[in-house]
Amino acid sequence: MLNDLVTLDGVTKTYSGITALDGVGFSIAAGEAVCLAGENGSGKSTLIKILAGVEQPDRGEIAFSGQRQGLLNPRLSAAAGIKVIFQDFSLFPNLTVAENIAFSAELGIGAKLVRRARMQDLARRTLERIGVDIPLHAAVETLPVAHKQLVAICRALATEAKLIIMDEPTAALTEREVRVLLDIIRRLTADGVAVLFVSHKLAEVLEVCQKVIVLRNGQKVAEGPAHDFDAASLTRHMTGHDVAPRPPAPLPATAPTLLRVEGLHKTGAFDDVSFNLRAGEVLGVSGLLGSGRTALAKALFGLLAPDRGRITLDGRNVVLGNPLAAAEAGIGYVPEDRLTEGLFLTQSILQNIAIGRLDAHGRSGILDLGGLMDEARDWLKRLSVKAANPDAPVRSLSGGNQQRVVLARWMARSPRVLVLNGPSVGVDVGSKAEIHGIIADLAAQGLGIIVISDDLPELLSTCQRILVMKAGKLVEDIPAGQVTETDLAHRLAS
Amino acid sequence: MTIDWSRNEALVALVIIAFCALAAASDPGFLSIATLTDLLRGGIVLGIFAVGALIVLISGGIDVSFTAIAAFTMYVTAMVLNAAMPWLPWWAALVMGMGIGACLGSINGVLIAVMGLPTLIVTLGTLSMFRGFMLTFIGQKQITTLPPGMREFGRMMIVRGENADGSFYSLHAAFLVTVLAIVLTWAILHRTMLGRQIFAIGGSVESARRIGINVRGVQFFVYVYVGVLAGLAGIIHSSMARVANPFDLVGLELSVIAAVVLGGARLAGGHGTLTGTVLGVTLIVLVRNSLIVLGIPATWQSVAIGVLILIGTGLPAWQAKRAAARAA
């Protein structure tokens with residue numbers, strides 16, 4: 001078709017014998033918002049890299065505006081108006097907002113000297129185009145995540161952008177920031193810029209996109225107008241089977257109180273927080289970014305020292321502000337960013353699980369390595385971590401399996417309370433359902449679990465009770481059965 | 001004007017002032033033109049080295065081989081000029097030094113930019129290699145009679161005078177070369193896209209590659225540029241010392257990097273200013289030149305420099321950490 005901006009035909013790519021993409025073909029028209037959906041490992045990232053010119057396909061054709069392309073490279077793709085906003089935004093943290101936005105544009109016209117006024121003018125105009133206001137002279141490293149993303153979008157727009165590819169653009173954003181982003185995407189498509197939206201948050205996908213393309217194991221398994229899909233059918237296409245949401249089992253009335261938090265306070269973070277957690281209960285804590293939910297999670301595990309307040313577990317006082325004491329008392333914490341906070345990425349899977357149990361397997365200072373590794377292997381099996389080789393580095397695992405390794409490490413210490421901060425951030429639909437299954441199983445064994453998340457469907461399908469935080473205060477305590485997703489979203493944002 | 005105390009520059013400037021006040025209090029003769037010219041003279045070679053170290057640190061790398069490049073260059077230049085071209089004027093010696101420096105720098109450039117090897121490992125290797133090659137194959141004997149061009153340059157002064165007590169002071173013309181190197185580097189870093197690309201690479205190599213910056217080309221430039229500066233510094237050093245001693249200079253590299261880091265450049269790359277670098281060099285030279293005045297034994301020099309580095313780089317890092325903890 002003549003007005004097709006990008007056409008792919010039979011694109012195939014293999015990495016050392018493993019087929020990442022297998023004969024994928026589709027087209028994107030100017031001003032169209034297309035969603036590329038698929039689980040981790042389905043070939044989405046490879047497809048993006050090929051369009052960006054970072055990787056070359058083994059076979060297949062790519063055409064821009066009907067013109068067949070030879071070998072692509074990042075410069076050629078960019079010159080054709082294809083701009084990728086990578087998940088990490090690929091910004092320069094040390095440079096200013098203005099420089100980040102205008103850098104590629106200046107580079108593109110072959111500028112040799114720095115023209116500060118021009119760069120600032122371009123940055124100002126681009127920010128105005130998407131209707132946001134970010135100080136031009138701020139260093140990008142000082143900006144919040146949502147603003148970094150907007151800067152990345154502006155950088156794409158500052159040069160002649162015809163197709164903007166966004167890789168998991170909403171992974172790090174709160175509900176409200178997602179709204180802003182979706183509005184910007186609508187503005188862009190109205191402007192004639194096409195957007196390829198890569199996501200596995202299904203609701204957003206259906207809301208903003210005109211067309212949906214689903215990849216599974218490197219093959220295109222579905223394509224069609226967005227209104228032909230719903231969350232259930234998308235999930236079915238992505239996973240190849242139905243993933244039914246499992247509502248949490250009700251808590252028996254006799255369940256004893258496990259954890260008691262009284263008047264926990266940290267100036268500037270959270271304010272007089274009190275709640276109880278019963279054995280076998282899954283308690284959700286939600287709130288917008290900056291509501292204090294993450295600070296609260298860290299305080300529960302002693303990573304942050306509160307100014308005052310009391311935490312008791314089984315009636316015994318927990319020393320505040322000391323992660324070792326919290327772990328000793330039976331509290332486990334699985335951090336939000338498992339990549340930076342939770343794992344030793346280059347160490348083996350077994351070593352990562354065993355690290356928390358060194359004390360228990362020490363005999364007068366000598367380590368019982370065999371016993372330690374046996375225990376680790378046992379947990380690997382119980383949490384069904386899919387690993388070809390337990391001695392392989394953790395880095396080689398998929399996101400969902402990495403999350404399981406962190407869980408396995410904590411389970412090996414037999415904690416009484418587990419604090420899970422964003423348990424399924426960056427995890428695909430199939431793994432997410434499995435992680436939710438694990439949460440339910442652990443609760444059934446009598447653990448108290450606190451899930452901190454802004455993924456509302458996740459909270460609704462795992463928690464018996466949801467606490468809402470706003471500006472550092474606990475403002476609501478909602479039994480999960482009595483609230484719908486839209487209702488919850490409204491209570492969070494209002 | 002507000003002063004940002006979380007920046008190294010402000011801190012280092014403060015320490016310099018405090019140091020001068022202390023020195024002036026214990027020796028009234030400290031505040032004199034002689035002290036100033038001594039200070040400037042001490043900063044000539046160190047300053048050129050520091051400018052090179054700064055540009056490498058900003059690009060996200062580290063170079064420890066520049067002292068070996070300088071020593072190699074000055075020795076070979078002196079030897080070649082003596083043997084073959086004694087009639088060459090002083091400026092040609094400088095140009096020749098820059099040329100040899102560029103060649104040696106390009107070896108670093110090939111290994112780092114083209115082959116993608118880690119910068120510290122490469123430059124540790126070439127440091128040892130350049131020095132070893134010179135001592136084994138070229139010579140170990142001091143060249144006490146420099147070629148006429150270098151001797152002429154060694155005698156060039158821009159300021160000359162006599163103190164009240166009859167001693168002489170002077171400022172070598174090479175000081176202008178250092179100033180020129182600083183100005184030129186500033187212009188490259190802040191007024192050319194090449195300079196901004198050096199900052200960009202230091203900020204994030206992956207991002208730079210993704211927006212189409214020629215990372216290899218820029219890195220190659222950086223190491224050649226450092227080679228040129230090192231070669232220049234080598235010729236200046238031997239001209240001023242009036243001898244080309246192959247055992248000179250090597251060993252200075254960590255003090256130079258310390259001065260640059262003291263001035264606020266980050267080892268992680270992407271950050272650093274020439275103001276900070278100049279202040280860092282000033283402080284280190286000041287400590288080297290004047291600890292004696294304060295009655296502190298010379299062996300305490302390195303302890304004092306170590307303490308300054310710990311305070312100068314530790315304090316801002318500690319403040320940043322506290323600010324981050326407050327924000328969380």
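Two strands pair if DSSP finds at least two bridges between them. In strand 9 of chain A, A:V214 is the bridge partner of A:A37. Helices (H or I, at least four residues) and strands (E, at least two) are DSSP runs, numbered from the N terminus. This is a predicted model: local features need pLDDT of at least 70, side-chain atom pairs count only at pLDDT 80 or more, and totals for chains, interfaces and linings use all residues. Residues are numbered from 1 along each chain as its sequence is written, while chains are lettered from A and ligands numbered from 1 in the order in which they are written.

**Strand 9 of chain A**
- Strand 9 (residues 211-216) is mostly covered, with five of its six residues buried (20 or more other C-beta atoms, placed from the backbone, within 10 Å of a residue's own).
- Strand 3 (residues 33-37) of chain A pairs with strand 9 of chain A in the parallel sense, over four bridges.
- Strand 10 (residues 219-225) of chain A pairs with strand 9 of chain A in the antiparallel sense, over six bridges.
- A:I213 has A:E223 as its bridge partner in strand 10 of chain A.
- Two residues lie between the strands in the hairpin of strands 9 and 10 of chain A, where A:N217 takes a positive phi near 50 degrees.

**A four-stranded sheet in chain A**
- An open sheet of four strands runs in the order 12-11-14-15, with antiparallel pairing.
- Its edge strands are strand 12 (270-278) and strand 15 (316-317) of chain A, and each pairs on one side only.
- Strand 11 (residues 257-266) and strand 12 of chain A pair in the antiparallel sense over six bridges.
- A:L264 stands opposite A:V273 in strand 12 of chain A.

**Helices 1 and 12 of chain B**
- The axes of helix 1 (residues 8-26) and helix 12 (residues 274-290) of chain B come within 9 Å and cross at roughly 25 degrees. Axes are lines fitted to C-alpha atoms, for helices over the stretch in contact, and angles run from 0 to 180 degrees between N-to-C directions.
- That angle makes helix 1 of chain B roughly parallel to helix 12 of chain B (angles under 35 degrees).
- Residues making the contact include B:V12, B:I16 and B:F19 of helix 1 of chain B and B:L279, B:L283 and B:L286 of helix 12 of chain B. Two residues are in contact if their C-beta atoms, placed from the backbone, lie within 7 Å.

**Where chain A meets chain B**
- The contact takes 22 residues from chain A and 20 residues from chain B.
- Helix 2 (74-79) and helix 3 (97-108) of chain A each supply at least two residues of the side of chain A that touches chain B.
- Helix 3 of chain A gives the largest share of that side, five residues.

Methods: Parallel < 35°, antiparallel > 145°, perpendicular 65-115°, else oblique. Buried ≥ 20, exposed ≤ 12 C-beta atoms within 10 Å, placed from the backbone.
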